[in-house]
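Please look first at the sequence and the model shown here, and keep both at hand while reading. The paragraphs that follow move from open space to fold, and from there to charged and nonpolar groups.

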Amino acid sequence: PCKGLIDEVACWSEAKHPTQLLADYTRYLNGNESGLLGYWRLNEGVRTQAYDASVQATELGKRFNERHA
């Protein structure tokens, strides 16, 4: 179980080296990074859904809510 808060979730097509993860730790991703399958910033507040901000979601026809950019 998670005993903290989750700030954002990113799903990649391959495993990332810890140095790669640390390089992006303090910034928002653009959503078009190579290998990025899904990117949920979790800025919606307390809700039951989150918006995928990756280009992959746009290509699949899912719309990202721009107010959460």
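A pocket, as the word is used here, is found on a 1 Å grid over the protein atoms alone as an open set of points where a 1.4 Å probe fits, with protein on both sides within 12 Å along at least five of seven lines, and its lining residues are those with an atom within 4 Å of a point. This is a predicted model, in which local features need pLDDT of at least 70 and side-chain atom pairs count only at pLDDT 80 or more, while totals for chains, interfaces and linings use all residues. Residues are numbered from 1 along each chain as its sequence is written, and side-chain values use heavy atoms, with hydrogens and water left out.

The largest pocket is lined by 13 residues, and those nearest its centre are Glu-8, Ala-10, Leu-21, Asp-24 and Tyr-25. Its space comes to about 320 Å³, a volume being the space filled by probe spheres set on grid points that are joined across faces, edges and corners. Strand E1 (9-12) and helix H1 each contribute at least two residues to this lining.

These elements belong to a protein chain with 2 helices and 2 strands, where helices (H or I, at least four residues) and strands (E, at least two) are DSSP runs numbered from the N terminus. Along the sequence the pattern reads β-α-β-α. Of the 69 residues in the protein chain, 25% are buried; buried means under 20% relative accessible area, exposed over 50%, and partly exposed in between, with a 1.4 Å probe and protein chains only. Among contacts (heavy atoms within 4.5 Å) between residues at least 6 apart in sequence, 36% join residues at least 24 apart.

Which residues make up the largest nonpolar core? A nonpolar core is a set of buried Ala, Val, Leu, Ile, Met, Phe, Trp, Tyr and Cys residues joined through side-chain atoms within 4.5 Å, and the largest one consists of 5 residues, namely Trp-12, Leu-29, Leu-36, Tyr-39 and Ala-53. Leaving aside residues up to four places away in sequence, Leu-29 touches Trp-12, Leu-36 and Tyr-39, and also Ala-10, Asp-24 and Arg-41.

The charged groups come next. Side chains of opposite charge can pair when their charged atoms come close. The structure holds 2 salt bridges, each a side-chain nitrogen of Lys or Arg within 4 Å of a carboxyl oxygen of Asp or Glu. In one, the side chain of Arg-27 meets that of Asp-24 at 2.9 Å, N to O; in the other, Arg-27 meets Glu-33 at 3.8 Å, N to O. Arg-27 is partly exposed at 36% relative accessible area and Asp-24 is partly exposed at 22%, whereas Glu-33 counts as buried because its value is 16%.

Glu-33 is found in the loop between helix H1 (18-23) and strand E2 (36-40). Its side chain reaches the backbone nitrogen of Asn-30 at 2.8 Å, a polar contact being a pair of N or O atoms within 3.5 Å, of which, within protein, one must be able to donate a hydrogen and the other to accept it, with residues adjacent in sequence counting only if both atoms are side-chain atoms.

Asp-52, in the loop between E2 and helix H2 (55-59), is buried at 15% relative accessibility. The side chain of Asp-52 reaches the backbone nitrogen of Tyr-39 at 2.9 Å, and it makes a polar contact with the side chain of Ser-54 (2.9 Å).
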